[in-house]
Amino acid sequence: MAACALRRGLLSTVSKYNKKHAHRILSVVDSSSGSEAFRPRVQCRACGLSGGFQQKRFMSSRPEGKILETVGMFEAVKQHGKYETGQLFLHSVFGYRGIVLFPWHARLYDRDITPPMSENKPDPPGAHGSKEVKGKTHTYYQVLIDTRDCPHISQRSQTEAVTFLANHDDSRALYAIPGLDYVSHEDILPYNSTEQIPIQHELFERFLMFNPAKAPPFTPRDTLKAWQEKNHPWLELSDVHRETTENIRVTVIPFYMGMREAQNSHVYWWRYCIRLENMGAEVVQLRERHWRIFSLSGTLETVRGRGVVGREPVLSKEQPAFQYSSHVSLQAPSGHMWGTFRIERTDGSHFDVRIPPFSLESNKDDKAPPAGYTF
C-alpha cells in the first residue's frame, strides 16, 4: 500500500497523496506554554503510516512537552476551476493555515517560457533587454493567515505585507492589515475541519460565518462583500512577473496604492511583493540588491543596498523560499522597475539573479483612500 508523500520544507506539507486514502493533518502543540507551532503532518488512516518520514523517527526527535493534535482532513487538489470563499488550506511552501476570502484573476508573465519569435516585442523604455513574454490568466487568492502560525513563518514571509496609504495629508504615511496574503492557485493544499472557528484571526468572524449546509461550510458575510467592493482598487492584483536564474526563481507582484499631492506635485505610490524560491539543492544566501527605476517623466534611478528589508535570507532545501514587500513612489503616473539580486554560494562565489521587469501603472480614475476597518 502506497505511503503518503510529504513536500519538503520547514513546515512540511503534502504535495502528492493517494486519493483512495483519507489523510489527517496533524500539528505540534506546546503543552507547557499553550502556544502552537504548526508543523503539518499527514497520516494515512488506511495504512497507518505518516507520510515522508518514519513515525518512530518523528516521535523520537520532537521536543519534550509537545503533542500531536488533529487539525483537519485533506481534500482533493483542484486541477481545474477555482477554490471558493471559505476554503481552508495549507500553504504548500510556507506551511501556514489559512482561509480563502476571494479570488483574483491575474496576468502571469513567465519569462521561463520562451515565446515564438513572431511574438517578441520591443523592450520597454529603459529596460535591461529581458525578453517580452505573453501573459496568461492565472488565479490568485486573497486569504487570511492563522495568527498562531505567524511567529513560525515571520523569518521567511512577512505577515503584514498588505499596506495602504493612510487617509490624511501625509503622503508617506502607511497602515498595514496584518495576516493578509496573496496565494497562487498551485500553492493551495485544501482541507476541511469540523471546527466552527478553525482559523484564528481578528477578521475571521467579521468576514465569515459558519454554515454546515454549505461546502465549504464558511460563507461570506455582507461585511466581507462591502469591504472587498470599497477597497477593490487597493487589493486587486493585475500582473504577476516571474523569472528563474540558476535555479533561483523570482516572482514579483506590483500593486498601485494611490496618489498624493506633495509640494505642488503629484506623488504616485506602489507596493510590490517579491518571492525568491530556491528550486535547486544548493544552499545560497541573498547578499545585495540592485534596482533600476524608470519613470515616465524620463528619470532613471539606481538603488543598491545590502540584503532586502534588513535581512540576508538563506535559501536551502529545508527553507527554500523568502517573501517580502516594499514600496516605491514616482512623480509620474507610470514607470518600470527591474534589477538583480546578488546571491552567494557556500564556497564564497557569487552570481546575479534577474528580477523580471515590471510596470508601475496607476489607476485611470482617481479613487478615494481605502475605507473600512482601521488596524
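**Around Phe218**

Mentor: Phe218 is buried: its relative accessible area is 1%, and the limit for buried is under 20%. Keep in mind that this is a predicted model. Strand β12 spans residues 218-220, and Thr219 belongs to that strand. Thr219 is also buried, at a relative accessible area of 15%. Set aside residues up to four places away in sequence, and Thr219 touches Phe207, Leu208, Met209, Asn211 and Lys214.

Now the rings. The whole structure holds 14 aromatic pairs. In one of them, the ring centres of Phe207 and Trp227 are 5.1 Å apart; the planes meet at 35°, so this pair counts as tilted. Phe207 counts as buried because its relative accessibility is 0%. Trp227, at 3%, counts as buried too. Next comes the pair that includes our starting residue. The ring centres of Phe210 and Phe218 are 5.7 Å apart with planes at 55°, so that pair is tilted as well.

Step back to the core. The largest nonpolar core has 32 residues. Ile99, Leu101, Trp227 and Leu237 have the most contacts inside it. Strand β5 (residues 97-110) gives this core six residues, the most of any element. Another core lies apart from it, with 28 residues, including Ile248, Leu276, Val328 and Leu330. Leu101 ties back to our region. Beyond four places in sequence, its contacts include Phe207, Leu208 and Leu224. Thr85, Gln142, Val143, Leu144 and Leu180 are also among them.

Compare another threonine. Thr251 lies in strand β14 (residues 248-262). Thr251 counts as buried because its relative accessibility is 13%. Leaving out neighbours within four places in sequence, Thr251 contacts Tyr140, Val240, His241, Arg242, Cys273, Ile274 and Arg275.

The charged end of Arg271 sits over the ring of Phe255, 4.2 Å from the ring centre. Tyr272, Trp291, Phe341 and Phe358 make up one aromatic cluster.

Now the whole chain. Its secondary structure comes to five helices and 21 strands. Of its 375 residues, 50% are buried. Take contacts between residues at least 6 apart in sequence: 67% of them join residues at least 24 apart. The accessible surface is about 18000 Å², and carbon and sulfur atoms account for 47% of that.

Finally, confidence. The chain averages a pLDDT of 78, and 70% of the residues score at least 70. Two stretches call for care. Residues 118-122 stay under 50, and the model gives them four contacts beyond four places in sequence. Residues 367-375 are also below 50, yet that stretch has 25 contacts in the model beyond near neighbours in sequence. Low pLDDT means the predicted coordinates should not be read in detail.

Key:
Residues are numbered from 1 along each chain as its sequence is written. This is a predicted model: local features need pLDDT of at least 70, side-chain atom pairs count only at pLDDT 80 or more; totals for chains, interfaces and linings use all residues. Side-chain values use heavy atoms; hydrogens and water are left out. Helices (H or I, at least four residues) and strands (E, at least two) are DSSP runs, numbered from the N terminus. Buried means under 20% relative accessible area, exposed over 50%, partly exposed in between (1.4 Å probe, protein chains only). Contact means heavy atoms within 4.5 Å. A nonpolar core is a set of buried Ala, Val, Leu, Ile, Met, Phe, Trp, Tyr and Cys residues joined through side-chain atoms within 4.5 Å. Rings of Phe, Tyr and Trp (its six-membered ring) pair if their centres lie within 6.5 Å; planes under 30 degrees apart count as stacked, over 60 as edge-to-face and the rest as tilted. A charge sits over a ring if NZ of Lys or CZ of Arg is within 6 Å of the ring centre and within 35 degrees of the ring normal. pLDDT is the predictor's confidence in each residue, from 0 to 100. Accessible areas come from the Shrake-Rupley method with a 1.4 Å probe; for residues, only the protein chains shown count as cover.
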